Amino acid sequence: MRTLLDTNFISRQLRIGILTFLIAATPAQAGLLNQCIRTLTQLALPYAVEHHTGKTLRAINRDLDPTEVVLGERIGLGDRGGLYRIKPSSTLPGIPLTTVGLVAKIPHTVRLSGKTGPHPQAELEMKREIETYELLATQWAKVKSDPAYPKDPAWIADKIPTAPILKTISTKEGTVLIKPEIQGQSLKSLWEQTQGKLPEEMNGSLKEIYSMIKAVSHQIKTPIQDGAGEWKEGRPFFTDINPANLVWVSNEAQMKLLGLKRPSFVFYEMTPLINRMPQYLPIERAP
């Protein structure tokens, strides 16, 4: 089971064969194969990883951090972690009160692995997301100075169009990220629903998002770990712009929380593409 999760549920030999196929395949064939792999992964994940609904997660060092996260319904299941609603009975010191619900992102624990606690690759993904969020926050002024950055984006100057990480907690189940719950339709579902004919308001928002992405890739380098485990600058930061990772936000409370001046697409998470096939915005593919 561990090998399956380490290689995204396919063997190393099969991955080599698939990569060889992708090099020779047409874009349509490569896209179809990638979608099949993602679908199989999603079908297998519920049986491969632990379900944490109903658990209470506590900080390892209770003297320094009395946080208690009571997990409710699981509302998301990714390749490396699960997303759970946080129940009101939780104790969350340091997190400002908001009318928007909160969620916890937790690294996967593999079932029947003979070990407890988070899978190493899943835990690394949580830490990578934290590192990325902090990197963007500290270098956002550089991003805004880039010529590609949109002139009057929907988000205010000091905000990044993504769900913010409000707090991180070190628990025996791994590193837990607390975020506001961003509700709305994903670009993927909207694109399918409208058969690619999005309203002009949404098309304009996607153009702003894409311009921002270009500015990020010009100004920020992807953090990578060297042999000693130290984070170093790598290649340009290419944001994971999978259409399922963008959500349309028009609710006033959520717009206020995210610093939006008008309805806009925002990222569930702004993480770099690492060992994944690039996925581009539909508007960039459209004729």
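Which residue in β6 is the bridge partner of K105? I looked this up in the model, which is predicted, and found L177.

Entry on strand pairing. I recorded that β4, residues 102-107, pairs with strand β6, residues 174-180, in the antiparallel sense over four bridges. I then checked strand β3, residues 81-86, and found that β3 and β4 are also antiparallel, over five bridges. Within that pairing, G82 has I106 of β4 as its bridge partner.

Entry on burial. I noted that six of the six residues of β4 are buried. In a regular strand, side chains alternate between the two faces of the sheet. In β4, I saw L102, A104 and I106 pointing one way, and V103, K105 and P107 the other way.

Entry on cavities. I counted two cavities of 30 Å³ or more. The largest holds about 50 Å³ of space, and helix α4, residues 120-145, gives the most to its lining, with three residues. I listed among the lining residues E129, T132, Y133, K179 and E269. By class, I noted five nonpolar, two polar and three charged residues in this lining.

For the second largest cavity I noted about 40 Å³ of space. Its lining includes G82, Y84, I106 and P107. The elements giving two or more residues to this lining are β2 (68-77), β3 and β4. By class, I recorded four nonpolar, four polar and two charged residues there.

Note on methods
Residues numbered from 1 in each chain as written. Predicted model: local features only at pLDDT ≥ 70, side-chain atom pairs only at ≥ 80, totals over all residues. Heavy atoms only, no water. Buried < 20%, exposed > 50% of the residue type's maximum accessible area, 1.4 Å probe, protein only. Pairing = 2+ DSSP bridges. 1 Å grid on protein atoms, 1.4 Å probe; cavity = no way out; pocket = protein on both sides within 12 Å on 5 of 7 lines; lining within 4 Å. Points joined across faces, edges and corners; volume = space filled by probe spheres on them. Nonpolar A, V, L, I, M, F, W, Y, C, P; charged D, E, K, R; others polar.
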